[in-house]
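Hello,

Here is the structure for you to look over. My notes follow below it.

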Amino acid sequence: GRALLALSVVLGRSGIEPMRSLAGLIFDRALPAILETTSPRAWAFTLIGIHEYLRRYSGDRRAAQVRDELAGRLLALYEKARSNDWPWFEDVLAYGNAALPQAMIMCGQWIPDSEMTAAGLESLGWLADIQRASQGGHFVPIGSNGFYARGSERARFDQQPIEAQAMVSACLEAYRSTGDQRWYEEARRAFEWFI
């Protein structure tokens, strides 16, 4: 998932033609393989990458079909796992969590699909709330030393920079989608933790 994201950034933004050609070749070969994976995070990172790719190559039907398939899978996971006190895609918060709602928000906008947008915004809001310190209100990402399974204690140690990056990226996407200042403030809070 993250490899496809990196390749799509090269394809979407690089001005160096030989680099784009090589990235395009690898991207074309790797894209069908993502459909064989079962990792929601791999799907989410791939969806974010496909968005980047389609900004430059908007007519690529195969990439759009993979996007639609993966977005549908992610939404189905959300609908199956979601409850009022756990509006999330699975029974654990692990790493790169905010990529999942970001992918839903993006897909909700492109496809368009209002259920995807709503799922993305709801899950991102919940994630922001549980990653906020009760005193001081600063960003407190889920630690990698045990993560956070539903019904258990959340890990407080070995917090990774990817959590701040993913949260900033997802919140800025929510801000672009809604214009709601809350998301800009959430992005700033996560960035300040990183700094």
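**Helix H2 and the cysteines**

Leu22 lies in helix H2. Helices are DSSP runs of H or I, at least four residues, numbered from the N terminus. Two notes on the basis. This is a predicted model, where local features need pLDDT of at least 70, side-chain atom pairs count only at pLDDT 80 or more, and totals for chains, interfaces and linings use all residues. Residues are numbered from 1 along each chain as its sequence is written, and side-chain values use heavy atoms, with hydrogens and water left out.

H2 covers residues 17-30, 14 residues in total. From first C-alpha to last, H2 reaches 20 Å, close to the 20 Å expected at 1.5 Å a residue (1.5 Å times one less than the number of residues).

Arg20, Ala23, Gly24 and Phe27 of H2 are buried (under 20% relative accessible area; exposed is over 50%, partly exposed in between; 1.4 Å probe, protein chains only). These buried residues fall within an arc of 110° seen down the axis of H2, so they line one face of the helix. The arc is that of the directions from the helix axis to the C-beta atoms.

On the other side of H2, Pro18, Leu22 and Arg29 are exposed. Leu22 counts as exposed because its relative accessibility is 53%.

Now the cysteines. The whole structure has 0 disulfides (pairs of cysteine sulfur atoms within 2.5 Å). Cys107 is in none; its nearest cysteine sulfur, in Cys171, is 17 Å away. That is too far for a bond. Cys107 counts as buried, at 0% relative accessibility. Cys171 counts as buried too, at 0%.

Best wishes

Terms used. Helices (H or I, at least four residues) and strands (E, at least two) are DSSP runs, numbered from the N terminus.
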